[in-house]
Amino acid sequence: MVGLLLGSLVGGALSDRYGKRPVLLVCVCLHAFCGLVPAVFPQPIVFLAVRCVTGVCCCCINICSFSLAVEWTLPSSRLWPPAFLPFCFSLGTMGGAPLAWMSLTWTQLHLSLSLPQILCLPLYLWIPESPRWLLLKRRMDVLERYRSNSPADKQCLDLLLDSAWSNLQKASEAGEEPTPGGHAPGDIIHLSNRTVLLRLFIMSYLSAASALTYYGICMNISSFGVGVYSAQFFSGLSEAPCLLVPLVRLGRRPISMLALFLSGASCFLSLLLSRYNGAPVLVMSLALLGKLCILAALFISILYSIELFPTVVRQRCVSLVNLCFRLGCLANSLVPAHPNGTISLAAMVVYSSGPIIGSALCLLLPETSGVPLPDTMQDCERQPPPPSISALWRRRKLVSSQSRKPETLPAEKGDTHTTLI
C-alpha cells in the first residue's frame with residue numbers, strides 16, 4: 001500500500017514529462033522481475049522492499065494504461081476500455097485462487113506469477129504513445145509514422161486529434177510555444193481554477209470512499225463465513241459483470257450515482273447481517289453485489305476523471321485522485337479488527353455511508369458522455385453544466401402537469417411530444 005501511494009505521487013508527473021509509453025515499459029519490466037526476487041532471496045527485509053517497488057510500478061502501470069486506452073478510443077466507445085481492463089483484473093483474481101491453492105510455498109507462488117509476465121514483455125513494445133501528448137509536445141514525426149501504418153489508423157488519429165489540432169493551431173497563431181520537456185509554467189495555474197478544484201475535490205472524495213468500501217470487503221473476507229480460496233475466486237467472479245456496464249446507456253453521472261448508492265446499501269446490509277450471524281450465503285451474496293457496484297463506480301470514476309480535466313493538467317489531476325484512493329487504502333488497513341472477528345459498527349457506517357454521500361456529490365458534475373476530451377480550460381467551461389436544483393424542480397413540475405392533462409387528440413399528442421423533446 002505504501003508503494004501504491006508513492007506511485008500515485010510520481011506516476012502522473014513522470015508520464016506528463018517523459019510520456020506514458022516509456023513509463024509504462026519501464027514499470028512493466030520492473031514489475032515482472034520484482035516477482036522473481038522473493039523467490040530467489042526469501043528474506044523479510046528484501047521481501048518488503050521488493051513489494052514496495054512492486055506497488056510503485058503497479059500504480060504507474062494503472063495510470064498509464066487507463067489513460068492510453070481512453071485516449072486511443074473514440075468518444076462514442078470510450079467506456080469500453082475502463083470496463084475491459086477491470087474484467088481482465090477479475091480474470092487474474094480468479095486465476096490467482098487455484099494457483100495459490102496448488103502452490104506449496106509462497107516462493108513458488110511468486111515464481112509462477114512472475115514467469116508469465118517476463119514471457120509477455122515483448123508484447124508491450126507494440127503499445128503506442130498518447131496521441132494528444134505527442135501533439136502537445138509537437139512530436140509530429142511520431143504522429144506521421146502512426147498515420148502511415150494504415151488508412152484506418154490515419155482516420156482514427158484524425159478523429160481523435162481534430163479538436164486538439166485546432167487548438168494547437170490557434171496557440172501557434174497567437175505566438176504561444178510549449179515549454180520543451182515539461183509543462184509550461186502557466187499550466188500549473190489551472191490547478192487553482194475553481195472548476196478544476198471542485199471537480200478534483202469530488203473525484204478525490206469518490207476515490208477515497210470507494211477504496212474504503214472496496215478494501216473493507218476484501219480485507220474482511222474471512223468474516224463472511226466462507227473459505228479464503230473460495231472467497232477469492234468468487235470475489236473475482238463478482239467483478240466480471242462490469243464488462244456489461246457499457247451496454248447500459250445512462251451516461252457517466254447517472255450510472256455513477258446508481259452504482260454508488262447500490263454499493264452503499266448492499267454493503268450495509270451485508271455487514272449488518274455478518275454482525276448479527278446472518279446466513280453466510282446471503283452475507284456473501286450481498287457483499288459481492290456491493291463489491292461489483294463499487295468496482296463499476298471505480299472504473300467509471302477513472303474514465304470520468306480523464307474526461308473532466310484538461311490535457312495540460314490531466315495526468316496530475318488523475319494522479320491526485322489516485323493518491324486519495326491510495327490514502328483510503330492505507331486508512332482501511334489501519335482499521336482495528338473486532339475481538340470476535342466481525343466488523344465494528346463504526347466501520348460499517350463508514351463503508352456504507354461513503355458511497356451514498358458520493359452519489360449525491362455527483363449531481364455537481366457535468367455529463368461527459370460522447371463529448372471530446374478537453375484540452376484547455378475553455379473546453380472545460382464549454383462542457384454541459386450540471387442541472388441546478390431549481391431546473392430539476394421545474395422539470396418535475398412540468399412532467400407532473402403534463403401527466404395530469406386530459407387526453408388529447410393523436411395529432412396534439414404528437415405536437416406535445418415534439419415540444420418536450
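Start at Phe47, which is partly exposed with a relative accessible area of 25%. Here buried means under 20% relative accessible area, exposed over 50%, and partly exposed in between (1.4 Å probe, protein chains only). This is a predicted model, in which local features need pLDDT of at least 70, side-chain atom pairs count only at pLDDT 80 or more, and totals for chains, interfaces and linings use all residues. Residues are numbered from 1 along each chain as its sequence is written, and side-chain values use heavy atoms, with hydrogens and water left out.

Trp106 is also partly exposed, at 42% relative accessibility. Now look at aromatic pairs. Rings of Phe, Tyr and Trp (its six-membered ring) pair if their centres lie within 6.5 Å; planes under 30 degrees apart count as stacked, over 60 as edge-to-face and the rest as tilted. The count comes to four aromatic pairs. The ring centres of Phe47 and Trp106 are 5.3 Å apart and the planes stand at 70°, so this pair is edge-to-face. Phe47 sits in helix H4 (residues 44-71) and Trp106 in helix H6 (residues 106-119), so the pair ties together parts 59 residues apart in sequence. Helices are DSSP runs (H or I, at least four residues), as are strands (E, at least two), numbered from the N terminus.

Phe84 is partly exposed, with a relative accessible area of 45%. Elsewhere, Tyr214, Tyr215 and Phe325 form one aromatic cluster.

Next, a helix pair. The axes of H1 (residues 2-18) and H15 (residues 314-333) come within 8 Å and cross at roughly 180°. That makes H1 roughly antiparallel to H15 (angles over 145 degrees; under 35 is roughly parallel, 65 to 115 roughly perpendicular, the rest oblique). Axes are lines fitted to C-alpha atoms, for helices over the stretch in contact, with angles from 0 to 180 degrees between N-to-C directions. In contact (heavy atoms within 4.5 Å), residues including Leu5 and Leu9 of H1 meet residues of H15, among them Leu323 and Leu327.

Finally, confidence. pLDDT is the predictor's confidence in each residue, from 0 to 100. The chain's mean is 76, and 79% of its residues reach 70 or more. Over residues 406-421 the pLDDT is below 50. Where pLDDT is low, the predicted coordinates should not be read in detail.
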